[in-house]
Structure formats: C-alpha cells, structure tokens
Amino acid sequence: MLGNFTYSNPTKLYFGKDALDGLNEELPKYGKNVLLIYGGGSIKKNGIYDDVINILKANGKNIFEDAGVMPNPTYDKLLEGIERARTAKADLILAVGGGSVCDYAKAVSVSVNLNKDIDAWDKYYIRFDDVNCPIVPVGCVLTMVGTGSEMNGGSVITNTKQKLKIGHVFGDNVFPKFSILNPEYTFTLPQYQMIAGIYDIMSHILEQYFSGTDDNTSDYIMEGLLKSLINSANVAVKNPTDYTARSNIMWIATWALNTLVAKGKTTDWEVHMLGQAVGAHTNATHGMTLSAVSIPYYKYIMPYGLDKFVRYAVNVWGIDEKDKSKEEIALEGLESMKNWLKQIGLVLNLTDLGVTKDMIENIADSTLIMEGGYKVLDRQDIISILKASL
Ligand code: NZQ
Ligand code: ZN
C-alpha cells in the first residue's frame, strides 16, 4: 500500500426491500425541520414521495420542499436551495433521488451557514476551500444507481454561464449521515438512465484501477467488482426487474466510490474530467459522456500503462494470452470492452451527444488535467482524444 492514510466512512446504510423503515430509526436523531429535496417528479409517479411524506409526518416533522433539481444540477438552482434551507431553518436535509439530488443536497448543506458575502461556487468549486461553517446533516433515499453519492463526499455542480462542471470531493463530515438503498426503487428508471448508471459505475472503478504499478489489494477488489457488474448488467438489460441483478448493481455502485478502493493507491479520473467538460457544453447524461470518450482515451494511454491493460484484458475480459504480444492482448481487452458497451446500448461517440468538430477547442478548455494516470495529458492530447471520440 502506498503512503499513509486514514479510513473511516460514517454513512450508515439501510439496504433491501424494507430499507425505508430505516427512516423511522434515523429521523428522531434530528430536529423538527426537514427540507425534502427531490428532482423533476419521478418520485411522485412511482409512489416513493408519498411513502417518505407519510414517515416524515408520523415522526412529527415540519416538512419543507425544494423540488425540481435537474440532472447535472446548476449553480443557479443551488442559490435557490440555499435560500430555501435558510428559510426552513433546516435541521436535516433529506435528498430523495439520484446522484444529482444527493450531490445538490450536499452543496446546500455546506452553504446554508456561509456568510452572505461568500459565494459558494467560488469557495467550493473554484478555490476548493474546506468547509469552515456549520453543516446541515444530509440523509439520502436513493432512486438512481451509479454515482456513489449515497456514501461519499462528492458534489458536482454545473455553472452554465462559465461552462464549467466541477466536482468538490468533501470530507467525511459532509458524507450523508445515512442512506436508504432499496433496489426496487430503481425498477422505474428508464433503460437509458439504467445503462448510463451502469457505465458510471464501471468508469469509477476503471478510474481507480488504471493508475500505479504497485501490487495493490484494491486492484483485486476492483476486478471482482467489475466481473460482478458485467454479469449483473447482462441480466438487468434483458430483465430490468430482476431483483438479484439490480441489488448487485446498487451495491457495486456504492463500493465503487465510497473511498475504500482508492485507499493506499494512486488514481486517475481523467475520463471524468473529459466527460464533465462534455457535460458542461452539452448537458448530456453523465454516464454517456464517459462511455463516449473512454475507449479513445484508454487506447491513447494504453502504451504508457501496458502491463495493467494486459492484466485487465486477461482478468476481466478473459482474453487468451497465448502467442500474442502484450499490445495485442491489451487491445483485445479494450475491443471486448467496446463490444460489450455497444451490446448493452451505451453511447460510443460524442456526435450522438450533440458535439460537433467546432466545439472541440472549447471543450478542451473546460477539461481539467489530472496527474495520477499513466500519461499526464496536455491540451493537444485532449484535443486528439476528443476528435477520436467524435
Ligand atoms: O428528476 P427526476 O424526475 O427524479 O428524474 C431523474 C433524472 O431525470 C431520473 N430518475 C431518478 N430515479 C428515478 C428516475 N426516473 C424514474 N425512476 C427512478 N427511480 O433519472 C434522471 C437522472 O438522475 P440523476 O440524479 O441526474 O442521475 P445520476 O444519479 O447519474 O446523477 C448524475 C449527477 O451526479 C454527478 C454527475 O456529474 C451528475 O451531475 N456525479 C456525482 C458523483 C459523486 N457524488 O461522487 C460522482 C459521479 O462521477 C458524477 O460525476
Ligand atoms: Zn461518474
């Protein structure tokens, strides 16, 4: 293991068909005022909203609402949420939705008690300052699987004016205090969102896998998570209400990005930087922005981390090594991955997300450069990868 680290994850999880009962255990721990945050209305259609409201009422809470959190939540919406949380004097923020709702709830929670002259975007998303004001606790009822936001400190906000989509990874004081994970809640997700979430999970794992040359336990854990993900995704795309598959996918998503597998190793995250830049310019679905750039990116960096790409091809995709060069094995692995992404219905080019050739320079300007991958990209590299992704 590399370096020194501390590990603690304070989020309490309630998992399974009866997970919502956990709300009755959690709610008495907090004051009366609950700000219920949700998205564009899916929870009203599938009945989760009514179930949550009934439990809040039974626990004697004053309920305030902040609805309409959009996928890829914006800074303008965040300002609205901060005002609502202040007016409500919220003791608890309850996020009911996907990663967007959960991320947004965290951004509200760290901003409610900022001095009014401090701008939350500049503080957290440009300067990456630590939180130095009281935080309103967040709880989460998850309805869309992929981001891992239910058990991490990530909070991604899009500034539409600045064309920037940036994530602040807050410390464990900002992690949800509890998360309710009922796999059945994900049954009503449109297929497009389900598979986007599946690739988001895969990408989170690969971002942490494709980095470093040391022998690291996390890499073995990640290979197991990947194999289980591929297996359950194959079942879920054919039968979205298969509980076993959907529950496995939900659990893998949480473990892919709850900080565990990143401990004691280096990580990359450049695919996310490319995907987020694409998202800032197109507002496309997060998982699809990642699938559209991944294969060109991995082919580009493969020569710099060849041994790991060989290991990935053999251990995850079952490529036969016999009589082949390392390059051939590694490329066969990426080819198998590409075929699988196509087979389950993921977007494999930026053109399908509305990106045109003349947008490439601006997207490159919005792409942050990370230093943990097998090659630290420069602007020209980024442009080449984006062009290859069109
Ligand atoms: O808004 P509603 O009506 O609820 O509809 C949502 C939304 O349109 C719908 N949906 C969610 N649950 C549903 C459902 N529809 C039917 N039935 C259900 N049970 O799905 C759509 C997408 O939801 P969203 O929350 O946007 O998806 P996701 O969970 O993928 O979150 C994406 C956001 O998370 C950020 C992304 O950048 C993006 O902004 N990320 C957060 C991370 C983190 N916290 O660590 C890491 C990730 O890499 C990611 O960047
Ligand atoms: Zn992601």
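Colleague: Where does lysine 163 lie, and between which strands?
Modeller: Happy to start there, keeping in mind that this is a predicted model. Phi of lysine 163 is near 55°, a positive value in a residue other than glycine. Its relative accessibility is 38%, so lysine 163 counts as partly exposed. As for its place, lysine 163 is in the loop between strand E6 (154–159) and strand E7 (164–169).

Colleague: What is the phi of aspartate 323 near?
Modeller: Most residues other than glycine have a negative phi. Aspartate 323 lies in the loop between H12 and H13, and its phi is a positive value in a residue other than glycine. The phi of aspartate 323 is near 60°.

Colleague: Is aspartate 323 buried or exposed?
Modeller: The cut-off for exposed is over 50% relative accessible area. Aspartate 323 has a relative accessibility of 75%, so this residue counts as exposed.

Colleague: How are H12 and H13 oriented, and which term describes H12 relative to H13?
Modeller: Two packed helices are described by the angle between their axes and the distance between the axes. Helix H12 (residues 306–315) and helix H13 (residues 326–344) pack at about 55°, with axes 8 Å apart. That angle makes H12, relative to H13, oblique.

Colleague: How many nonpolar residues are in the contact of H12 with H13?
Modeller: On the H12 side, the residues include Leu306, Phe309 and Val310, and on the H13 side they include Ile329, Ala330 and Leu334. The contact of H12 with H13 also has 1 polar and 3 charged residues. The number of nonpolar residues is 10.

Colleague: And how does H8 pass H12, in a left-handed or a right-handed crossing?
Modeller: H8 and H12 pack at an angle of about 40°, their axes 11 Å apart. They are therefore oblique to each other. The crossing of H8 with H12 is right-handed.

Colleague: How many charged residues does the contact of H8 with H12 have?
Modeller: H8 brings Asp219, Tyr220, Glu223, Leu226 and Lys227, while H12 brings Lys308, Arg311, Tyr312 and Asn315. By class, 3 of the residues in the contact of H8 with H12 are nonpolar and 1 is polar. The number of charged residues is 5.

Colleague: What covers the buried residues of H12?
Modeller: Those buried residues are Leu306, Lys308, Phe309, Val310, Tyr312 and Ala313. Their cover includes H7, helix H8 (217–238), helix H11 (286–301) and H13.

Colleague: Which residues coordinate the zinc ion (ligand 2)?
Modeller: Along the chain, the donors follow the spacing D-x3-H-x67-H-x13-H. They sit at 2.0 to 2.2 Å from the zinc ion (ligand 2). The residues are Asp200 (OD), His204 (NE2), His272 (NE2) and His286 (NE2).

Colleague: How many residues apart in sequence are the parts tied together by histidine 204 and histidine 272?
Modeller: Histidine 204 is buried, with a relative accessible area of 3%, and histidine 272 is buried too, at 5%. Histidine 204 belongs to helix H7 (residues 191–209) and histidine 272 to helix H10 (residues 270–282), so the pair ties together parts whose separation in sequence is 68 residues.

Colleague: What distance separates the C-alpha atoms of glycine 60 and lysine 32?
Modeller: Glycine 60 is in the loop between helix H3 (48–58) and strand E3 (62–66). With 30% relative accessibility, glycine 60 counts as partly exposed. Glycine 60 and lysine 32 are 28 residues apart along the chain, and their C-alpha atoms are separated by 7.2 Å.

How values were computed:
Residues numbered from 1 in each chain as written. Chains lettered and ligands numbered in written order. Predicted model: local features only at pLDDT ≥ 70, side-chain atom pairs only at ≥ 80, totals over all residues. Heavy atoms only, no water. Axes fitted to C-alpha atoms, helices over the stretch in contact; angles between N-to-C directions. Helix = DSSP H or I, 4+ residues; strand = E, 2+ residues; numbered from the N terminus. Parallel < 35°, antiparallel > 145°, perpendicular 65-115°, else oblique. Contact = heavy atoms within 4.5 Å. Nonpolar A, V, L, I, M, F, W, Y, C, P; charged D, E, K, R; others polar. Buried < 20%, exposed > 50% of the residue type's maximum accessible area, 1.4 Å probe, protein only. Donors = N, O, S within 2.8 Å, 3.2 Å for Na, K, Ca; no water. Left-handed = near helix turned anticlockwise from the far one by under 90°.
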